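Please keep the sequence and the 3D view open while reading.

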Amino acid sequence: MLDIHHGDNLVILERLPDASFDLVYIDPPFNTGRRQNRTQLRTVRDEDGDRTGFAGKRYRSIQVGQRGFADAFDDYLAFLEPRLVHARRLLKPTGSFFLHIDCREAHYCKVLLDVLFGRASFMNEIVWAYDYGGRSRSKWSQKHDTIFWYAADPKRYTFRYDDIDRIPYMAPELVGPAKAARGKTPTDTWWNTIVSPNGKEKTGYPTQKPLAIVERIVRVHSNPGDRLLDFFAGSGTLGTAAAKFGRDAVLVDANRQAIAVMKKRFSGVEGVRWFDERAAKRESVVAARGSVARKAVSLKSADARPASVEPAAENADPKPASGAKTSNARPKPSRACAEQADRRPRSASKRAPRATHLPAKS
Ligand SMILES: C[S@@+](CC[C@H](N)C(=O)[O-])C[C@H]1O[C@@H](n2cnc3c(N)ncnc32)[C@H](O)[C@@H]1O
């Protein structure tokens, strides 16, 4: 089963019950300060074109679209922290959390994760090393991402050693033919090329991560039938890996284009359910407008009543005297949650009520 939500992940995460996922993998925007764009091109035959194709034929490229999302936050950790608090809350006692990030933010995130999970829960800093694109002439070319692994319980977690894919030895002649044929397990440095711009895997979504990297995480760190979560889903790479290995997954993305890419990517996959938080919000705004209009009408007709008869609704929610406690006062949040609440934009307090079409807490 694959549940895909279109909406701000914070709103959706708040609704998910504690300890309901075996594996959480996220690949948030890296705070590059730029817009992440991928231009889609189509080529047509043209003798004066800018590209050469098969058998030396010339082609002209035409831009047919562009997909992208903004990747700039004034205070990146303030954006991430409340979401990481939920990630920790949502993990089952044997669950694992993976954060995929780049070198600009990795160190700040590591310190934050140590606070939220506890230093003992830190398991690995995996380096995904690739070798593609231009080389810098002024510093070492930056060709890796960091993936932090934290276990909810560092003594009890899923690690399916036998399901690790094997890689070739660097010097097979030194280990003997049997070992050389079997290959070795990777270390915490994973060499893997980026998604090929011309390959079958490419969805056209900027920042799409290679399936091989995410598949390794899914295969080794979860069991068949487990429930996985990616709340910065993008093109849905985690969902593809989950479907391939018989795991359930919940994916969330706020970007319309990400949802469009996933619709295409999962078109042939069974058991996919779509939820649109934004549509639910729009519906609730329309419903709220309707109720305001109805209230106005009922107030108008109330005006016609004798002055001594007050409309009941006006008396239903009297303002408490200053300092008085109200019965619906919110419980005091924990420190982390209090910070999270403080950082929420003002509009969050006006958030639409729960979307009724979302699955109930299980
Ligand atoms: C780096 S991309 C993820 C790429 C993905 N791992 C893949 O393989 O395609 C980050 C994604 O986070 C999404 N995003 C950013 N802020 C979000 C938010 N508040 N709620 C949900 N999604 C968000 C962006 O739309 C973007 O698709």
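## Ala-19

Ala-19 sits in the loop that links α1 (9-15) to β2. The model is a predicted one. Ala-19 has 13 C-beta neighbours inside 10 Å and so counts as partly exposed, since a residue is buried at 20 or more and exposed at 12 or fewer.

The C-alpha atoms of Ala-19 and Leu-90 are 4.4 Å apart, although 71 residues separate the two in sequence. Apart from residues up to four places away in sequence, Ala-19 touches Leu-91, Lys-92 and Pro-93.

## The chain as a whole

The chain contains 10 helices and 12 strands. It has 362 residues, of which 26% count as buried. Of the contacts between residues at least 6 apart in sequence, 71% join residues at least 24 apart.

## Core and central strands

The largest nonpolar core consists of 55 residues. Val-24, Leu-99, Leu-238 and Leu-251 have the most contacts inside this core. Beyond its neighbours within four places in sequence, Val-24 is in contact with Ala-87, Leu-90, Leu-91, Phe-97 and Leu-229. Which residue in β10 stands opposite Val-24? The residue is Leu-229.

β2 and β10 pair in the parallel sense, over 2 bridges. β10 also runs parallel to β11, and 4 bridges join these two strands. Asp-230 has Leu-251 in β11 as its bridge partner. In a regular strand, side chains alternate between the two faces of the sheet. In β10, Arg-227 and Leu-229 point one way, while Leu-228 and Asp-230 point the other way. All of these β10 residues are buried.

Helix α5 covers residues 211-221, and its buried residues are Ile-213, Val-214, Ile-217, Val-218 and His-221. Viewed down the axis of α5, they fall within an arc of 130 degrees and therefore line one face of the helix. An α-helix has 3.6 residues a turn, so residues three or four places apart point the same way. The buried residues of α5 pack against the strands β2 (21-26), β6 (91-101), β7 (122-129), β9 (189-191) and β10 (227-230), and against helix α6 (237-244).

In helix α7 (residues 256-265), Ala-258, Ile-259, Val-261 and Met-262 are buried. The arc that holds them, seen down the axis of α7, is 160 degrees, so these residues also line one face of their helix. They pack against β1 (2-6) and β11 (248-253).

## His-144

Where in the fold is His-144? His-144 belongs to strand β8, residues 144-151. Why does His-144 count as partly exposed? There are 18 other C-beta atoms within 10 Å of His-144, and the partly exposed class lies between the limits of 12 or fewer for exposed and 20 or more for buried.

Leaving out residues up to four places away in sequence, His-144 touches Val-127, Trp-128 and Ala-129. The C-alpha atoms of His-144 and Ile-126 are separated by 9.9 Å, and the two residues are 18 apart along the chain.

## The ligand shell

There are 19 residues around the ligand. Phe-232, Gly-234, Ser-235, Thr-237 and Asn-255 come nearest to the ligand. By class, the shell comprises 8 nonpolar, 7 polar and 4 charged residues.

Definitions and conventions
Residues numbered from 1 in each chain as written. Predicted model: local features only at pLDDT ≥ 70, side-chain atom pairs only at ≥ 80, totals over all residues. Near = placed C-beta within 6 Å. Nonpolar A, V, L, I, M, F, W, Y, C, P; charged D, E, K, R; others polar. Contact = placed C-beta atoms within 7 Å. Core = buried A, V, L, I, M, F, W, Y, C linked by C-beta atoms within 7 Å. Arc of directions from axis to C-beta. Pairing = 2+ DSSP bridges.
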